[in-house]
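I opened this entry to keep track of what I looked up in one chain. The notes follow the order in which I checked things.

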Amino acid sequence: MSGGESFFTQVNRMFDQAARLVDHPSGLLSQIKHCNSVYRVEFPLERDDGSIDVIPAYRAEHSQHKTPTKGGIRYAPSVNEDEVMALAALMTYKCAIVDVPFGGAKGGVRIDHNEYSPRELERITRRYTFELTRKNFIGPGIDVPAPDYGTSPREMALIMDTYTQLVRDPLNALACVTGKPVGQGGVRGRVEATGRGVFFGVKQACDYAEDMKALGLTPGLDGKTVVVQGLGNVGYHAAKFLQEGGAVLVGLAEVEGAIYDRTGLDLEAVVAHRAETGSILDYPGAENVVPSARALELECDILVPAALEGVITKENAPRIQATIIAEAANGPVTANAAEVLNERGVLMIPDVYLNAGGVTVSYFEWLRNLSHVRHGRLSKRFEQRSAEQILNAVENLTGQSFSPNIHAELSLSAGEIELVNSGLEETMVLAYNEIREIQKEHGVDQRTAAFVSAIDKVATSYLEMGIFP
Ligand code: NAD
């Protein structure tokens, strides 16, 4: 929220700002902007101790200009109707920006997933899926969920299992949800896809020497200091790939607090420390930063908010020291804060583009599920044999043996992961360049340019349908 303005209102304000730069009839723009349908349900959950909780849940389908609609399912206390509508709208624009042919959707269950046992979470997930199925809000050609905040491949497997039992569609049921475990129809590379996409997007931004010069930075990722908020799926992987790409992680923030070390933090060691002690705080050699939100104001080149929306507001925006804000989460910078930061010349790489890696790889998974062909089936034997030969050659040369795990992993994954990652990189680079061109053409900020790209593409789809004169 920003000054009382709801999340969906803010998304629409960003839309309106961009809509001024395109040349489409107002009726069409209005059709694009509005949320087509929302399903709200409250169902009872029997807790492990026999008591009953009533669980509110939602699914919003923002636009059916392409079907199925697509978007994650979030388990968080913040979930409400406005939030799922805003997130569904962002999905519509995101899919358009990266040319993934889906409409936008989003689901949410209002719970703190940390307060429920695995059995309780299973009952919630199955009942939610039952409700979506009953109301026709899920299906391979209707609406296809994926993981989001608070959910993981486990929930996706439960959704697929429940849906498969309820609907007689043995051929295509697997494609009713993406982000599934690899053994159950998922693709390799989906778990880390959003974080990897964030890395590709940030890297592409940093590779433009003239843009970096305008920000007072040197080109390239190498040596750039980074602060990441949220060490979940997106934040952890973004941090990992940025670090591997040469950036220096100086700050990491989680719910309990944050840590800072200007000489650089070792991500894996921090994660191990948190697993062992239950907290990110008191990591050897680092400074504790409490409260955690103060991490957003630390000195760094790149700030990566990867937790929830509305964390950078008009109030703390003037204290942000980062030169680049990489919106890995959805909506971390409020519309009012964006105005302040734009004025200060901060480069904000917008969520609608930057976290599109997840849906891009989900598209590969959905396609593969529908085609009923395992990737590279025909060439797989050949690829496995070549990879084995390389491993054997290295073993002979070095006199050291790789573990059986490495051999097994290689024989399973040869081909697919490379294909997924190169498809993802290509998508993120192309979309960045497209947005940058629009930015230059109109002399606007990157978020407005991304919305212009999205509006034009969605409008074109509607016009191609021939519905609008
Ligand atoms: P997640 O549940 O895996 O991780 C979120 C992490 O953020 C958790 O570790 C949580 O403890 C931490 N967190 C929560 N509040 C915090 C705070 N105030 N300060 C610091 N840390 C905090 O969720 P995720 O899937 O990584 O999603 C994060 C964001 O990325 C969300 O906005 C989501 O919509 C967006 N996103 C996710 C995906 C995906 O593929 N999972 C795709 C696109 C966008």
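The entries below go from a strand to the domains, then to salt bridges and backbone geometry.

**Entry 1: strand 4**

I noted at the start that this is a predicted model. I began with strand 4, residues 103–109, and asked how many of its residues are buried. The count is 7 of 7, so I cite the cut-off here: buried means under 20% relative accessible area.

Next I looked up the pairing of strand 4. Strand 2, residues 52–61, runs antiparallel to strand 4 and is joined to it by 5 bridges. Across that pairing, Arg59 is opposite Gly107. Strand 3, residues 69–75, pairs with strand 4 in the parallel sense, also over 5 bridges. In this pairing Gly107 is the bridge partner of Ile73. I followed the chain from strand 3 through helix 3, residues 81–97, into strand 4, and this β-α-β crossover is right-handed.

**Entry 2: the two domains**

I looked up how the chain is divided. Domain 1 covers 2–186 + 449–465, and domain 2 covers 193–354. Their centres, taken over C-alpha atoms, are 26 Å apart. Domain 1 puts 19 residues into the contact and domain 2 puts in 14. About 1,300 Å² is buried between the two domains, and carbon and sulfur atoms give 58% of that area. I also counted the salt bridges between domain 1 and domain 2, and there are 2.

**Entry 3: salt bridges**

I checked Arg74 and Glu309, whose side chains form a salt bridge at 2.9 Å, N to O. Which residues are linked with them in a network of salt bridges? I wrote down Glu83, Lys106 and Asp148, which together with Arg74 and Glu309 make up the network.

- Asp16 and Lys33 meet at 3.0 Å, N to O. Asp16 is in helix 1, residues 7–19, and Lys33 is in helix 2, residues 26–33, so the pair ties together parts 17 residues apart in sequence. Asp16 is partly exposed at 32% relative accessible area, whereas Lys33 counts as buried at 18%.
- Arg188 and Glu416 meet at 3.2 Å, N to O. Arg188 is in the loop between helix 5 (153–166) and helix 6 (193–207), and Glu416 is in helix 15, residues 416–442, so I noted a link between distant parts of the chain, 228 residues apart. Glu416 is buried, with a relative accessibility of 5%.
- Asp211 and Arg436 have their closest N and O atoms 2.7 Å apart. Asp211 is in helix 7, residues 209–214, and Arg436 is in helix 15; they are 225 residues apart. Asp211 is partly exposed at 21%, whereas Arg436 is buried at 4%.

**Entry 4: Phe241**

Is Phe241 buried or exposed? Phe241 counts as buried, at 7% relative accessibility. This residue is in helix 8, residues 233–244. Leaving out residues up to four places away in sequence, Phe241 touches Glu192, Gly195, Arg196 and Phe199. I checked Arg196 separately: Phe241 and Arg196 are 45 residues apart in sequence, but 6.3 Å apart in space, C-alpha to C-alpha.

**Entry 5: backbone geometry**

I kept the general rule in view: most residues other than glycine have a negative phi, and most peptide bonds are trans.

The bond from Thr67 to Pro68 is cis, with omega near 0 degrees, and Pro68 is in the loop between strand 2 and strand 3. The bond from Val290 to Pro291 is also cis, with omega near -5 degrees. Pro291 is in the loop between strand 9 (287–289) and strand 10 (302–305).

Asp99 is not a glycine, yet its phi is positive, near 55 degrees. Asp99 is in the loop between helix 3 and strand 4 and counts as exposed at 52%. Asn136 also has a positive phi, about 60 degrees, without being a glycine. Asn136 lies in the loop between helix 4 (118–134) and strand 5 (143–147).

Conventions: Residues are numbered from 1 along each chain as its sequence is written. This is a predicted model: local features need pLDDT of at least 70, side-chain atom pairs count only at pLDDT 80 or more; totals for chains, interfaces and linings use all residues. Side-chain values use heavy atoms; hydrogens and water are left out. Buried means under 20% relative accessible area, exposed over 50%, partly exposed in between (1.4 Å probe, protein chains only). Helices (H or I, at least four residues) and strands (E, at least two) are DSSP runs, numbered from the N terminus. Two strands pair if DSSP finds at least two bridges between them. A crossover is right-handed if, with the strands pointing away from the viewer, the path from the first strand over the helix to the second runs clockwise. Domain bounds come from an automatic or database domain assignment. Contact means heavy atoms within 4.5 Å. Buried area is the accessible area (1.4 Å probe) that two parts lose on being put together, summed over both. A salt bridge is a side-chain nitrogen of Lys or Arg within 4 Å of a carboxyl oxygen of Asp or Glu.
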